[in-house]
Amino acid sequence: MADPEAVGRAFLDYFYGLFSTNRAGLASLYQDSSLLTFEGNKFQGQQAIIQKLTTMPFSNVAVQRDTVDIQPSISGGILIFVTGKLMPEGENMPLKFSQTFHLMPTPNNSFVVTNDMFRLNYG
């Protein structure tokens, strides 16, 4: 298996790079069986997940990752936990967030997101 730390960090660079300015570009990372829980609301499948991500109330956002924890999962995937801050364009107060990803390898030596959980952290 590829180095989980290297794969996880490369994934995060790619994911948050697109999340910042082109969330529709994230579609290839999800499948029909992928699950997203966003602020307690559940979305399943590539189409539903991308619709949620592209209808957020901002189009451009800066993402700052404060902590990143990466582990290989017993199922052969990679588990990633991120805390950080979002700064939507035109706003002056960052939004603290936490996000967890579970990545699984594909037969063509790439990874897909099987699970994605996102929460804003208030307080």
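With 123 residues, a compact globule would have a radius of gyration near 14 Å, and the chain agrees because its own value is 14 Å. The model is predicted. The chain holds 2 helices and 6 strands. Read from the N terminus, the order of elements is α-β-β-α-β-β-β-β.

**Overall build**
- The C-alpha trace spans about 40 × 30 × 25 Å along its principal axes.
- Buried residues account for 39% of the 123 residues.
- Take the contacts in the chain with a separation of 6 or more: 46% of them join residues 24 or more positions apart.

**Strand 6 and its partners**
- Strand 6 covers residues 111–120 and pairs with strand 1, residues 30–38, in the parallel sense.
- That parallel pairing runs over 5 bridges.
- Within it, L35 stands opposite N115 of strand 6.
- Strand 6 also pairs with strand 5, residues 95–105, and here the two run antiparallel.
- This antiparallel pairing has 9 bridges.
- S98 has R119 in strand 6 as its bridge partner.

**The hairpin of strands 5 and 6**
- The hairpin of strand 5 and strand 6 has 5 residues between the strands.
- N109 in this hairpin takes a positive phi near 65 degrees.

**Surface and charge**
- The chain exposes about 6,900 Å².
- The chain carries 8 positive and 10 negative charges.
- The mean positions of the positive and negative charges lie 6 Å apart.

Definitions and conventions: Residues numbered from 1 in each chain as written. Predicted model: local features only at pLDDT ≥ 70, side-chain atom pairs only at ≥ 80, totals over all residues. Heavy atoms only, no water. Pairing = 2+ DSSP bridges. Helix = DSSP H or I, 4+ residues; strand = E, 2+ residues; numbered from the N terminus. Rg over C-alpha atoms; globule rule 2.2 N^0.38 Å. Buried < 20%, exposed > 50% of the residue type's maximum accessible area, 1.4 Å probe, protein only. Contact = heavy atoms within 4.5 Å. Areas by Shrake-Rupley, 256 points an atom, 1.4 Å probe, with all protein chains shown as cover. Lys, Arg positive; Asp, Glu negative; His and termini not counted. Charge placed at Lys NZ, Arg CZ, Asp CG, Glu CD.
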